[in-house]
Amino acid sequence: MVKMIVCMKQVPMASELPWDAKTGTLRRDLSDGMMNPACKNALEAALTIKQHCGGHITAVTMGPPMAEEILREAIAMGADRCLMLSDRAMAGADTNVTSFTLARAVEIFCADFDLILAGCHTTDSETAQVGPQLAEELGVPVVTYADELEVKGRSVRIRRVSDNFLETLEAELPCLVTVNTHAFKPRYVALSGLQDAFGETNILTVSASDLGLDPETIGIKGSPTKILDVYAPRAEKQNIVLKGAPKRIVENLFERFDTMIGGIIRKDIEREGRG
Amino acid sequence: MVTAKSEIWVFGDYRNYFQNRVTLQLISRATDLARPLNATVCTTVFGCNTDEWVGEYIAHGAQKVYLVEDESLKNYSSDRYVTLMERLARQYRPEIILVGATSFGREFAPRVAKRLGTGLTADCVGLDVDDDGLLVQTAPAFGGNLLTKIVTPHKRPQMATVRPGVFREIPHNYEATGEIVRVPLPKDLPADRIRITGYEHRPPLTQKLEDAAVVVCGGRGMGGKAKFKNLFELARLLGGEVGATRPVVYAQWADEDTLVGQADRHIRPKVLFSFGISGAIQHTAGIIDAGFIIAVNKNPNAPMMKMADVAIVADANQVCLALIKELRKRLRG
Ligand SMILES: Cc1cc2nc3c(=O)[nH]c(=O)nc-3n(C[C@H](O)[C@H](O)[C@H](O)COP(=O)(O)OP(=O)(O)OC[C@H]3O[C@@H](n4cnc5c(N)ncnc54)[C@H](O)[C@@H]3O)c2cc1C
Ligand SMILES: Nc1ncnc2c1ncn2[C@@H]1O[C@H](COP(=O)(O)O)[C@@H](O)[C@H]1O
C-alpha cells in the first residue's frame, strides 16, 4: 500500500484551454477555474499506482475557497481524502513560500507519505518550481517531468526526457515526482461521480493558525520575491496599416515594401525559379 | 570590514549544445549587469574533464570559474550538483545566480534557491539593475499580455532562470583570460539519492526554425487545419519555415516542433509573417528579435498588430491565399 499525496492547483481557464480538437472550439461550458492539467495527470499517475499496488491518495491544494472545486473533482476521480489550505494570509505566495506552506501541512497531516506527486508545471505561472522546492522542504529526493512512473516495493522507477537525454532513474521511497503533461492521460469522470463528490465531506480545510504558521512568514509577506510592477509591453514599430480586399492588399504590400522584404524574398524567388 | 568585489554567477550547464548556448548567453547578460554593480562575472563548472567548457566560458566573458572536478561528478545529477552549488554559494556569497531554464536547470535552480532560502524568478525575458543595485527580473505574468517586474529585496543571492535564446552571447575571444578557482570535492558530499540506470542521447530537434530567414507563423485565427496547411505552401514559396502558436499545436494543426514562444523556440527571422495570432506575451517573447514583421488579423487592436511593421486588417487565410497566388505569378514571370 503506497501512501500518496497529490499537489494540485486551480488555474484560470486560459484562453486556449481546454481546447476541443475535434470541433475546434473552446470549451466555454467549463467554469472559470479548472484543475491545472499537469496536476490532473499527476492524480492519474497516483490512481494508476493505487490500482497496481494498492494505496491511499490525499489531494492537497493551497488556494482561495473556490479552489475546493478541484478537490471535489479529485474525489470524483478517485482520491481518498483532501486537504484544503485556505487563508487570506496565504494569498500572494511565491513558490518559495507556497512550498513552505505545503510542507508544513504535509508534516502535520500526512507525515508518513511514501510518494508525493505534483504537476510538472501550472498553466498560469509555469514556474515548475513548487515540486522541487517542496521536496527540498521535506528533505526527499525529487525527479521532475516524469513520462513513466512505476512503484516496485520500496522504490520508484522513472523514465523521462531531460534535455535530449532519455533517462531511466530509480529512487527509494519516500520521494517526490512531478508528472509531465504527455504522460498519464487523465481518466474521464462521469457526471454522477462529480455530483457525488459535491455531497462529499472528506475535505479538511485548514488555516494558517491550524498549521501553527506566523502570518508574517507566509503569503505575500513571507515571499522573498516582490512584484514591483505589472504592465503591458509596448512596441516601437512604424506600424503601417493596410486594409481592403486581400488581393489589393497583397499588391500594395509588394509595391510598398518590395525593397524591405524583397531582399530576402527576391533571392528565394530566384532560387525557387532556378530550381 | 571591506567586502570583496561582489560576484554574479552563471551556472555552467554544458551537457549539450543548447545548454551550453544558454550558459554563454547568460554570461553575456551577466557582463552587462556587472558594469553598474562593479561585479565579477563568474561561472561554476561541476564535472569531470571539463577543460573544454572552462575554456569556452572564459572565451565568452567569464572572468572567474569556480571549478569542482571529480570522477564521481561525471553523471549529470541534480542531487549532487544542488549540494555543491549550495555549499559554494554559502562560502563565496554571490549577489546573483543565473541559471538557464533547460530541463536540468528547471530542476536544479528551484532546489538551490530553496536551500539558500531565497527567491527565484522563472523564465525571465529581461534582467536589469536598478539604481539601488537590485536585480530587476522581467517575466511574463498572468498567462496573458502582461509583463511583471520582480525583485528580491532582502534575500541573497538573487536568482533567476532564463530560457535559451533570450539573450545573445558575446562572440568568443580565445585571447581572454580568467581566474580558475579549483574547489576540491567536499569529502562529506552525500551520495546521490537518484540512481541512473539508463541514459541515452536522443537527437536534438532540428534548428530549422531558429535559423530560418523567413518564418510564416500561424495562430488560431487561421480557422482550421485545412486552412492552416496553406501556410506551408506560402512558406515553401518564400523559402521559409512554418511556426505556430500553442492553441494550434494543441489542436494538432501543426507539429509540436513548430511552436514558437517563451516555452520553446526563439526565432530571429529577417522577415516574419504572422497570421491570425493575437500576440500573447508568451508567444511574442519568442519573436522579439524578428526583423520586419507583417501581421494579419481581423482585429486591428490585437497586440500582434501593434508590434508589426505592417498590420494587415483582413482575413488571415484569404491574405495567405492571395500571397500564394501573387508569389506563384512572380515565380512564373
Ligand atoms: C505559462 C504559459 C506559457 C505559454 N507559452 C506559449 C508559447 O510558448 N507559445 C505560444 O504560442 N503560446 C504560449 N502560451 C499561450 C499564449 O498565452 C496564447 O494563448 C497563445 O499564444 C494564443 O495563440 P493565438 O494567437 O493563436 O490564439 P488567440 O489568442 O485565440 O488569437 C487568435 C487571433 O486571431 C484573430 N483572428 C480570428 N479569426 C481571424 C481571421 N479569420 N482572420 C484573421 N485573424 C483572425 C483574432 O482576432 C485573434 O487576435 C502560453 C500560455 C501560458 C499561460
Ligand atoms: N497552490 C498550490 N497548491 C498545491 N499545489 C501546488 C500549488 N502551486 C503549485 N502546486 C504544485 O506544483 C506544481 C508546479 O507548479 P508551478 O511551480 O506553479 O509551475 C503544480 O502542478 C502543483 O502540483
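Colleague: Which element supplies the largest share of the shell around ligand 2?

Modeller: This is a predicted model, in which local features need pLDDT of at least 70 and side-chain atom pairs count only at pLDDT 80 or more, while totals for chains, interfaces and linings use all residues. Residues are numbered from 1 along each chain as its sequence is written, chains are lettered from A and ligands numbered from 1 in the order in which they are written, and side-chain values use heavy atoms, with hydrogens and water left out. Helices (DSSP runs of H or I, at least four residues) and strands (runs of E, at least two) are numbered from the N terminus. Here β6(A) gives the largest share of the shell, three residues. At least two residues each come from β6 (55-62), α3 (95-109) and β8 (115-119) of chain A.

Colleague: How many residues surround ligand 2?

Modeller: A residue is near a molecule if one of its heavy atoms lies within 4 Å of it. For ligand 2 there are 20 such residues, and the closest are A:C7, A:M62, A:T122, A:T127 and A:A128.

Colleague: What classes do the residues of this shell belong to?

Modeller: Ala, Val, Leu, Ile, Met, Phe, Trp, Tyr, Cys and Pro count as nonpolar, Asp, Glu, Lys and Arg as charged, and the others, Gly among them, as polar. The shell around ligand 2 holds nine nonpolar, nine polar and two charged residues.

Colleague: Where does an oxygen atom of ligand 2 meet the side chain of A:T122?

Modeller: A polar contact is a pair of N or O atoms within 3.5 Å. An N or O atom in the side chain of A:T122 is 2.9 Å from an oxygen atom of ligand 2. The backbone of A:G119 also places an N or O atom 2.9 Å from a ligand oxygen, and for a polar side-chain atom of A:N36 the distance is 3.4 Å. Accessible areas come from the Shrake-Rupley method with a 1.4 Å probe. On its own, ligand 2 has 480 Å² of accessible area, and the protein covers 97% of it.

Colleague: Where does ligand 1 lie?

Modeller: Ligand 1 is placed between chains A and B. It is surrounded by 29 residues, with A:T123, B:R220, B:T245, B:S278 and B:D315 the closest. A nitrogen atom of ligand 1 is 2.7 Å from a side-chain N or O atom of B:D315. The protein buries 89% of the 980 Å² that ligand 1 exposes when taken alone.

Notes: A polar contact is a pair of N or O atoms within 3.5 Å; within protein, one must be able to donate a hydrogen and the other to accept it, and residues adjacent in sequence count only if both atoms are side-chain atoms.
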